[in-house]
Amino acid sequence: MITDVRVPLEHRQPYSTAYEQMLEKVRYEGAYLTREKADEAVRRVLSGLGRQLTGDERVDLAACLPLEAARVLTAQIPDTQPLTGWAFVKDLAARTGASQATTRWDTGSVFAAVAAHAGPDLITRILGRLPTGYALLFGRAELIPAA
């Protein structure tokens, strides 16, 4: 299931102030020309994350996000096989028809805003739950213990 991000403007409901602020952060981080482009990126990336994240971390993240973003995240049924960070980007690019480079850019921009809402402790828990490769998408170093 993928959320349709192409709802005509005349059918969209006004956004909450918290979601407007999230969009502005994504717009700034991603250097998007319009708020609509930032909104499309948020919806695409949060849909993808909703297919990956499960458990308390999913619930806690949804509680931290503006309602509009939380709905996009939680509308997705988690996949049975979680993807690595790079596989996540490739899958999202294939689903949306965007290039992998653009999708990687969108993901980093959206995850920066998500991290600002969630805080470092919850992001650390989320990264502990997801396969390798997501730390870089959240702007963190991927630390691997020595063998």
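The secondary structure of the chain consists of eight helices and zero strands, where helices (H or I, at least four residues) and strands (E, at least two) are DSSP runs numbered from the N terminus. Along the sequence, the elements accordingly follow the pattern α-α-α-α-α-α-α-α. The model is predicted, with local features requiring pLDDT of at least 70 and side-chain atom pairs counted only at pLDDT 80 or more, whereas totals for chains, interfaces and linings use all residues. Residues are numbered from 1 along each chain as its sequence is written, and side-chain values use heavy atoms, with hydrogens and water left out.

Of the 147 residues of the chain, 40% count as buried; buried denotes under 20% relative accessible area, exposed over 50%, and partly exposed the range in between (1.4 Å probe, protein chains only). The accessible surface of the chain amounts to about 8,000 Å², and carbon and sulfur atoms contribute 58% of this surface. Accessible areas were computed by the Shrake-Rupley method with a 1.4 Å probe, and for residues only the protein chains shown count as cover. Among contacts in the chain with a separation of 6 or more, 66% involve residues 24 or more positions apart, a contact being defined by heavy atoms within 4.5 Å.

Two helix pairs that share H2 were examined. Two packed helices are described by the angle between their axes and the distance between the axes. Axes are lines fitted to C-alpha atoms, for helices over the stretch in contact, and angles run from 0 to 180 degrees between N-to-C directions. H1 and H2 pack at an angle of about 95°, with their axes 9 Å apart. The two helices, H1 and H2, are therefore roughly perpendicular (angles under 35 degrees count as roughly parallel, over 145 as roughly antiparallel, 65 to 115 as roughly perpendicular and the rest as oblique). On the H1 side, the contact is made by Tyr19, Glu20, Met22, Leu23, Glu24, Val26 and Arg27, and on the H2 side by Arg35, Ala38, Asp39, Val42, Arg43 and Leu46. The residues of this contact divide into seven nonpolar, no polar and six charged; Ala, Val, Leu, Ile, Met, Phe, Trp, Tyr, Cys and Pro count as nonpolar, Asp, Glu, Lys and Arg as charged, and the others, Gly among them, as polar. Glu24 of helix H1 is partly exposed, with a relative accessible area of 38%. The C-alpha atoms of Glu24 and Ala38 are 7.8 Å apart, and the two residues are 14 residues apart in sequence.

Helix H2 (residues 35-50) also packs with H6, at an angle of about 80° and with the axes 9 Å apart. This angle makes H2 roughly perpendicular to H6. Ala41, Val42, Arg44, Val45, Leu46 and Leu49 of H2 meet Asp106, Thr107, Val110, Phe111 and Val114 of H6. The contact of H2 with H6 comprises eight nonpolar, one polar and two charged residues.

In helix H4 (residues 67-74), the buried residues are Glu68, Ala69, Ala70, Val72 and Leu73. The elements covering the buried residues of H4 include H1, H2 and helix H3 (55-64).

The structure holds four aromatic pairs. Rings of Phe, Tyr and Trp (its six-membered ring) pair if their centres lie within 6.5 Å; planes under 30 degrees apart count as stacked, over 60 as edge-to-face and the rest as tilted. The rings of Phe88 and Phe111 are stacked, as their centres lie 6.0 Å apart and their planes at 25°. Phe88 belongs to helix H5 (residues 85-96) and Phe111 to helix H6 (residues 100-118), so the pair ties together parts that are 23 residues apart in sequence. Phe88 is buried at 2% relative accessibility, and Phe111 is buried at 0%. The rings of Phe88 and Tyr134 form a tilted pair, with centres 5.5 Å apart and planes at 55°. This pair links distant parts of the chain, with Phe88 in helix H5 and Tyr134 in helix H8 (residues 134-137), 46 residues apart. Tyr134 is likewise buried, at 1% relative accessibility. Ring pairs link Phe88, Phe111, Tyr134 and Phe138 into a cluster.

Trp105 is also located in helix H6 and is partly exposed at 49% relative accessibility. Beyond residues up to four places away in sequence, Trp105 touches Glu29, Gly30 and Tyr32. The C-alpha atoms of Trp105 and Glu29 are separated by 9.5 Å, although the residues are 76 residues apart along the chain. Ala31, in the loop between helix H1 (17-30) and H2, is exposed at 58% relative accessibility. Phi of Ala31 is near 55°, a positive value in a residue other than glycine.
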